[in-house]
Amino acid sequence: MKDKILEVSAIKDGTVIDHVPADSLFKVISILGLDKIDKKTTFGTNLESHRLGKKAIIKLSDIQFKKDEINKISLVAPQAKLNIIKDYQVVEKKVVEIPDDVIGIVKCVNPQCITNNERITTKFKVISKSEVKLKCHYCEKITDREHMEII
Amino acid sequence: MKNKSLVSIDDYSKDEYIKILDLAAKFEQNPVQDILKGKVIATLFFEPSTRTRLSFESAINRLGGKVIGFSDSSSSSVTKGETIYDTIKIVSNYCDLIVMRHPLEGSARYASEITNVPIINAGDGANQHPTQTLLDMYSIRKTQDKLEDLNLFMVGDLKYGRTVHSLLMAMSKFNTTFNFISPDELKMPDGYKLYLDKIGLKYYEHKDFTDIISRADIIYMTRVQKERFSDPIEYERCKNAYILKNYMLENTKPTMKILHPLPRVNEINVDVDINPKAYYFTQALNGVFVRQAIISSILGLI
Ligand SMILES: [Zn+2]
């Protein structure tokens, strides 16, 4: 318990993203563009988790996310929890929600899809949130979680 | 429907299907008119499909319109690596409507979003071919005098066949009972069966033709292609099970009709051709009237 407090309270102000599956850490980094920010950032991965086996955690100083922005990670980290930190204290906890539409982020599973052959931003309707099934706006094929590839 | 692209069969409502079929019936009565006079329609066939292209061009020519375009991409700048975006942008300057066929799925939806000229999808890979579906519906209504409450048999490749998928979606709005006859490897995908469950329509699956075909109002045949099988032995084993022969039609309903999107290979024996229940060649003719109806309504001319 003491360890955990240390982990999440090590930043003064900002956001801690917890309960990211360890193998999704780099996808989350790329979706949120964390490789391009200039704030103090700490990544921890392969940490013990009862729920996920191995989890990752991301600590971001002086960063807050808009709802639409953070919901993008729900595709790869549906159980992610956000802790908003102010003055070393957790002042708010948030969960992520799968959006109705996914624009960009995901590659269409269909190699014959126009989006995999011309430079077009992908676009999907989320037809199942529980199983994460995305229907391509262009080729109408379904991309599911198992076949999901992050661009 | 005016100025609205027709990319997917789902782009039209049930009322719009009926409106198109009613218009097509009028064109059948009077197929030569000059309502497309002064209009230029581009037929862009990025992959060849002679039958579909000729059907569209016949429809346009009989209504006095002019056609520009290409019949396969080897004779156009597309082979020089031009993107769909550039081709559509340029051609849009020259015409009132674009009919396009392209091997990539979603290409017609994409095209419809980069131009103000309406697009008719004449086939985008394995995805959609909505004018085929409407001509299938026209043929069904014409031979059965109705679309509601029919028993529709679909035979052959139900897994990859886009025509059967689109026809299923469209006919599901008319309280259709479905019978699927296919080998195990080519069964109707679960997604479509779940959809029928959800809307409460009945469907039955069979591995071969039996006396059940006496219940059919329409038998919709498709090709069973060798390359669809992962196991060539499985193909050899079941290829003959999906060939319709004249003697099999003995106990079918007198009003029953056989449809096929064509071209056929051997799935309908030639001895069926002389049976009055064979309707597939007339079905192709109906395509001209249906395309006349779609083009005229999109251009707002009727
Ligand atoms: Zn796609």
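This is a predicted model: local features need pLDDT of at least 70, side-chain atom pairs count only at pLDDT 80 or more; totals for chains, interfaces and linings use all residues.
How much area is buried between domain 1 of chain A and domain 2 of chain A, and what share of it do carbon and sulfur atoms give?

1. The area buried between domain 1 and domain 2 of chain A comes to about 570 Å², and carbon and sulfur atoms give 81% of it. The count of salt bridges between domain 1 and domain 2 of chain A is 0.

2. For orientation, the domain assignment places domain 1 of chain A at 14-95 and domain 2 of chain A at 101-150. Their C-alpha centres are 24 Å apart. Across the boundary, 7 residues of domain 1 of chain A are in contact with 8 residues of domain 2 of chain A.

3. Now for the metal. The zinc ion has as its protein donors the SG atoms of A:Cys108, A:Cys113, A:Cys136 and A:Cys139, at 2.3 to 2.4 Å. Along the sequence, these donor residues follow the spacing C-x4-C-x22-C-x2-C.

4. Why is the arrangement around the zinc ion tetrahedral? The 4 donor atoms subtend angles of 99 to 118°, and four donors count as tetrahedral if all angles lie between 85 and 135 degrees. For reference, the ideal angle for four tetrahedral donors is 109.5 degrees.

Methods: Residues are numbered from 1 along each chain as its sequence is written. Chains are lettered from A and ligands numbered from 1 in the order in which they are written. Side-chain values use heavy atoms; hydrogens and water are left out. Donors are N, O and S atoms within 2.8 Å of the metal (3.2 Å for Na, K and Ca); water is not among the atoms, so sites may look incomplete. Four donors count as tetrahedral if all angles lie between 85 and 135 degrees; four count as square planar and six as octahedral if opposite donors are over 155 degrees apart and all others between 65 and 115; anything else is irregular. Domain bounds come from an automatic or database domain assignment. Contact means heavy atoms within 4.5 Å. Buried area is the accessible area (1.4 Å probe) that two parts lose on being put together, summed over both. A salt bridge is a side-chain nitrogen of Lys or Arg within 4 Å of a carboxyl oxygen of Asp or Glu.
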